[in-house]
Amino acid sequence: MKKLILIALLTCSLQALADRLPMPANAPASFKSECSSCHIAYQPGLLAADDWRKLMAGLQDHFGSDATIDSKTGLEITNFLTRNAGDVSRLGSAGNPPRITQTQRFIRKHREVPAKFWRDPRVKSAANCEACHRGAANGNYGEHDIAIPELRE
Ligand code: HEC
Ligand code: HEC
């Protein structure tokens with residue numbers, strides 16, 4: 001009996017892992033202030049450590065934006081991101097420059113989302129997680145927190 005309960009608990013927490021990506025409690029204040037002014041502060045688990053390193057090394061030309069920060073802050077944020085990074089064997093490659101939206105995991109999770117949802121002007125970009133995941137900034141990607149603009153009205 002005890003064993004059964006344990007198995008049930010384990011399955012629950014494994015499922016929760018897929019759609020809950022809470023921001024680690026040790027996130028430095030600089031991460032929030034420097035990385036959430038143009039988009040949400042993406043949870044570190046969404047990219048692998050090497051990809052975070054690559055991304056942080058190219059902030060002067062960050063997808064057409066200049067996101068340069070001083071080297072001390074850069075190091076602090078890079079350390080935080082790489083320590084809490086996702087598992088590359090689950091995420092797959094992320095392209096160069098690395099994008100969360102190019103990881104195999106992201107593509108797999110969104111395979112069934114119809115093209116017209118992505119084209120919606122309120123979505124603009126696949127990187128705009130919050131357009132469809134109301135709780136993205138808080139790490140909530142579960143089905144109960146999905147609100148596709150096209151289906152809202
Ligand atoms: C000056 C604005 C700005 C700042 C500051 C900024 N970014 Fe970005 N970021 C962008 C833009 C623009 C994109 C491309 C978005 C798109 O393709 O829709 C982007 C994309 C990204 C992506 C890839 C999203 C995808 O497509 O999967 C990641 C990861 C990312 N940023 C992380 C960071 C981190 C970490 C920081 C802090 C060090 C940061 N950004 C600071 C503007 C910014
Ligand atoms: C156009 C709307 C849209 C955008 C933009 C979007 N998603 Fe999603 N996402 C969905 C839908 C719909 C699902 C559920 C797909 C399914 O169950 O087949 C989903 C599923 C997910 C899941 C899986 C949740 C689970 O229960 O396993 C994760 C994680 C996720 N998205 C993360 C992201 C991240 C991170 C971003 C931004 C970088 C993003 N999504 C951008 C619509 C979107």
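A polar contact here is a pair of N or O atoms within 3.5 Å. The model is predicted.

Q: How far does a backbone N or O atom of Ile 100 lie from an oxygen atom of ligand 1?
A: A polar contact needs a pair of N or O atoms within 3.5 Å. The backbone atom of Ile 100 and the ligand oxygen are such a pair, and their distance is 2.7 Å.

Q: Which residue has a polar side-chain atom 2.6 Å from an oxygen atom of ligand 1?
A: Thr 101 uses a polar backbone atom, 2.8 Å from an oxygen atom of ligand 1. The side-chain atom at 2.6 Å belongs to Ser 125.

Q: Which element gives the largest share of the shell around ligand 1?
A: Two elements give two or more residues to this shell, helix H2 (29-35) and helix H3 (49-56). The largest share is 3 residues, and it comes from H3.

Q: How many residues of the shell around ligand 1 are charged?
A: The shell has 20 residues, with Cys 35, Cys 38, His 39, His 62 and Ser 125 coming nearest. By class, 11 are nonpolar and 6 polar, and the charged ones number 3.

Q: Is H3 roughly parallel or antiparallel to H4?
A: The axes of H3 and H4 (residues 71-83) come within 9 Å and cross at roughly 160°. Angles over 145 degrees count as roughly antiparallel. Therefore H3 runs, relative to H4, roughly antiparallel.

Methods:
Residues numbered from 1 in each chain as written. Chains lettered and ligands numbered in written order. Predicted model: local features only at pLDDT ≥ 70, side-chain atom pairs only at ≥ 80, totals over all residues. Heavy atoms only, no water. Near = heavy atom within 4 Å. Polar contact = N/O pair within 3.5 Å; in protein donor to acceptor, adjacent residues only side chain to side chain. Helix = DSSP H or I, 4+ residues; strand = E, 2+ residues; numbered from the N terminus. Nonpolar A, V, L, I, M, F, W, Y, C, P; charged D, E, K, R; others polar. Axes fitted to C-alpha atoms, helices over the stretch in contact; angles between N-to-C directions. Parallel < 35°, antiparallel > 145°, perpendicular 65-115°, else oblique.
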